[in-house]
Amino acid sequence: MDSIAGDRFDTGRFEAGRNRLASLAYRLLGSAADAEDAVQDAFLHWQAADRQRIKVPEAWLTKVVTNLCLDRLRSAQARRERTAGAWLPEPLLEGDPMLGPADTFEQRESVSLAVLMLMERLSPLERAVYVLREAFSYGHAEIADILGITESASQQHLHRARHHITAARRGGGEVDPSAARRIVEEFLAAAVSGRTDRLVELLTADAIALSDGAGGLAAKLLRYDTPQRVAAVVRAGLKPTDAKRRLAGGTPALHYTVVNGAPALLFVVGDRVVGSAMFDLADGRIATLHGIAAPTRLARLTEAWRRHEQDAPLITHW
């Protein structure tokens with residue numbers, strides 16, 4: 001095989017695994033843009049490597065991407081951004097290949113916004129072990145080789161990660177899609193009609209809401225810690241005003257969809273998503289509500305929405 005044909009073949013091998021690598025990087029970083037950067041950096045490493053000496057390309061690339069992501073998580077800039085109190089995961093629309101494997105509950109759970117937020121509490125190594133084991137089913141011997149640690153250390157990191165996430169998990173569990181949609185539609189109907197008591201009934205006793213503010217402009221995340229406060233802010237937020245329409249750049253339509261495996265509402269002006277609300281459910285009620293409006297966080301979701309076969313909006317003109 002000549003060098004040009006060999007390069008094309010090797011590039012093809014990389015591209016065949018790009019989506020898997022991107023879904024790994026997304027789970028580790030919580031950002032689609034950063035995940036794409038990490039995968040591109042891995043491609044540069046792949047091009048520069050002596051590929052004839054790489055016996056198992058998938059394992060080699062997994063190791064490279066994982067460690068590139070760990071470098072990002074450990075960087076001073078990343079620590080400043082994530083500890084500033086304004087970090088949220090970048091939401092992905094159902095069907096986005098970056099969401100990756102979704103055959104098991106653990107795989108679906110690992111990409112939920114709630115778990116991506118909880119993984120921020122883990123050390124970089126704990127996060128990497130958790131993702132490699134729960135989402136990609138790597139054994140501890142393989143994880144140890146990827147991360148340069150012992151099998152015993154891998155097991156300990158996984159135990160601590162599972163403990164932290166399980167202890168702090170508010171919602172979770174499998175939810176029937178039709179039941180999830182019904183709950184969100186009831187919540188929306190109560191909000192737009194001003195029935196605050198009904199909103200409270202649809203929330204768990206320890207419900208919280210997190211938001212990056214109108215237009216995604218909050219310097220720190222806005223947090224609301226009781227069902228009454230969540231209901232009040234949702235009621236106020238869903239009350240349309242001319243000022244809100246100006247901020248949105250028009251009159252949004254409200255669509256129901258699925259984002260990161262969870263029921264969601266999207267505020268759409270034309271073909272542009274200007275706001276999103278994602279719902280984490282527990283026992284038939286809403287445990288956590290994530291509100292995201294920052295254009296940078298919604299860029300990939302908007303691109304996917306433009307290609308998405310859309311249902312009729314729940315509210316045509318908000």
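The largest cavity of this predicted model is lined by Ser112, Leu113, Ala114, Val259, Asn260, Ala262, Met278, Phe279, Asp280 and His290. A cavity is a set of points, on a 1 Å grid over the protein atoms alone, where a 1.4 Å probe fits but cannot get out, whereas a pocket is an open set with protein on both sides within 12 Å along at least five of seven lines; lining residues have an atom within 4 Å of a point. The volume of the largest cavity is about 60 Å³, and the structure holds one cavity of 30 Å³ or more. A volume is the space filled by probe spheres set on the grid points, which are joined across faces, edges and corners. Strand S5 gives the most to the lining of the largest cavity, with three residues; helix H7 (113-118) and S5 each supply at least two. Helices (H or I, at least four residues) and strands (E, at least two) are DSSP runs, numbered from the N terminus. By class, the lining of this cavity divides into six nonpolar, three polar and one charged residue. Here Ala, Val, Leu, Ile, Met, Phe, Trp, Tyr, Cys and Pro count as nonpolar, Asp, Glu, Lys and Arg as charged, and the others, Gly among them, as polar.

Residues are numbered from 1 along each chain as its sequence is written. In this predicted model, local features need pLDDT of at least 70, side-chain atom pairs count only at pLDDT 80 or more, totals for chains, interfaces and linings use all residues, and side-chain values use heavy atoms, with hydrogens and water left out.

Asn260, one of the residues that line the cavity, is placed in the loop between S3 and S4. Asn260 has a positive phi of about 50 degrees although it is not a glycine. With a relative accessible area of 2%, Asn260 is buried; buried means under 20% relative accessible area, exposed over 50%, and partly exposed in between (1.4 Å probe, protein chains only). A positive phi, of about 60 degrees, is also found at Ser137, which is not a glycine. Ser137 lies in the loop between helix H8 (124-134) and helix H9 (140-147) and counts as exposed at 53% relative accessibility.

Asn260 is also among the residues nearest the centre of the second largest pocket, together with Val258, Gly261, Ala262 and Pro263. This pocket has a volume of about 790 Å³ and a lining of 38 residues. Helix H6 provides the largest share of that lining, four residues. The classes in the lining are 15 nonpolar, eleven polar and twelve charged residues.

The largest pocket has a volume of about 940 Å³. Its lining consists of 39 residues, and Gly213, Ala214, Phe267, Gly275 and Ala293 lie nearest its centre. Strand S5 (residues 272-282) supplies the largest share of this lining, seven residues. In the lining of the largest pocket, 27 residues are nonpolar, nine polar and three charged.

The structure holds four aromatic pairs. Rings of Phe, Tyr and Trp (its six-membered ring) pair if their centres lie within 6.5 Å; planes under 30 degrees apart count as stacked, over 60 as edge-to-face and the rest as tilted. One of these pairs, Phe187 and Phe279, is edge-to-face, at 5.7 Å centre to centre and with 75 degrees between the planes. The pair links distant parts of the chain, with Phe187 in helix H11 and Phe279 in strand S5, 92 residues apart. Both Phe187 and Phe279 are buried. Phe267 and Trp318 also form an edge-to-face pair, at 5.9 Å centre to centre and with 85 degrees between the planes. Phe267 lies in strand S4 and Trp318 in the segment after helix H15 (295-307), 51 residues apart. Phe267 counts as buried at 16% relative accessibility, and Trp318 is buried at 8%.

In helix H13 (residues 227-237), the residues Pro227, Val230, Ala231 and Val234 are buried. Seen down the axis of H13, the buried residues fall within an arc of 95 degrees, so they line one face of the helix; the arc is that of the directions from the helix axis to the C-beta atoms. These residues pack against helices H11 (177-193) and H12 (196-201) and strands S1 (203-211), S2 (222-224) and S6 (285-292), where contact means heavy atoms within 4.5 Å.
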